Amino acid sequence: MFTNKSSDGKLNLCGSVIAQRRKEMKKSQRELADLLQIAGLDVDKNAVQRIEAGKRFVTDIELVYLSKVLDLSYQELLPSLSTPD
């Protein structure tokens, strides 16, 4: 059966990595949203909050901007996923 959620029920794989990196950078969610907007991605603090909590899907376009702003590769943003049998 097809599922579009991770094994823990989250809607994305990158949220926890984004939150960790943002905290390492000593930025608030609002500041991260501001950096993304400056880079050209139209998101607000609420979107960042939902992404980090795993309550929002993340598009490939958003991954490109997040990778740039957080200075992480796509591989670093997307942890390996063990698929169920």
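In this predicted model, the buried residues of helix 3, which spans 45–53, pack against helix 1 and against helix 2 (29–39). Those buried residues are Ala47, Val48, Ile51 and Glu52. Seen down the axis of helix 3, they fall within an arc of 130°, so they line one face of the helix.

At its start, a side-chain oxygen of aspartate 44 comes to within 3.2 Å of the backbone nitrogen of asparagine 46, while just after the helix glycine 54 adopts a positive phi of about 80°.

Positive phi values also occur at two residues that are not glycine, namely lysine 26 and aspartate 71. Lysine 26 sits in the loop between helix 1 and helix 2, whereas aspartate 71 belongs to the loop between helix 4 (60–70) and helix 5 (74–77). Lysine 26 is exposed, since its relative accessible area of 72% is over the 50% cut-off, and aspartate 71, with a relative accessible area of 61%, is likewise over that 50% cut-off and counts as exposed.

| Residue | Phi | Relative accessible area |
|---|---|---|
| Lysine 26 | about 60° | 72% |
| Aspartate 71 | near 55° | 61% |

Helix 3 also takes part in a pocket. The second largest pocket has a volume of about 160 Å³, and helix 1 (15–24) and helix 3 (45–53) each supply at least two residues of its lining. The lining of this pocket is made up of 13 residues, of which Asp8, Lys10, Asn12, Leu13 and Ser16 lie nearest the centre. Sorted by class, the lining holds four nonpolar, six polar and three charged residues.

One of the residues nearest the pocket centre, Asp8, has a polar partner in serine 6, as the side chains of serine 6 and aspartate 8 make a polar contact at 2.3 Å. Serine 6 is placed in the segment before helix 1 and, at 15% relative accessibility, counts as buried, because buried means under 20% relative accessible area. Asparagine 46, whose backbone nitrogen is approached by the side chain of aspartate 44, is 40 residues from serine 6 in sequence and 21 Å from it in space, C-alpha to C-alpha.

Note on methods. Residues are numbered from 1 along each chain as its sequence is written. This is a predicted model: local features need pLDDT of at least 70, side-chain atom pairs count only at pLDDT 80 or more; totals for chains, interfaces and linings use all residues. Side-chain values use heavy atoms; hydrogens and water are left out. On a 1 Å grid over the protein atoms alone, a cavity is a set of points where a 1.4 Å probe fits but cannot get out, and a pocket is an open set with protein on both sides within 12 Å along at least five of seven lines; lining residues have an atom within 4 Å of a point. Grid points are joined across faces, edges and corners, and a volume is the space filled by probe spheres set on the points. Helices (H or I, at least four residues) and strands (E, at least two) are DSSP runs, numbered from the N terminus. Ala, Val, Leu, Ile, Met, Phe, Trp, Tyr, Cys and Pro count as nonpolar, Asp, Glu, Lys and Arg as charged, and the others, Gly among them, as polar. Buried means under 20% relative accessible area, exposed over 50%, partly exposed in between (1.4 Å probe, protein chains only). The arc is that of the directions from the helix axis to the C-beta atoms. Contact means heavy atoms within 4.5 Å. A polar contact is a pair of N or O atoms within 3.5 Å; within protein, one must be able to donate a hydrogen and the other to accept it, and residues adjacent in sequence count only if both atoms are side-chain atoms.
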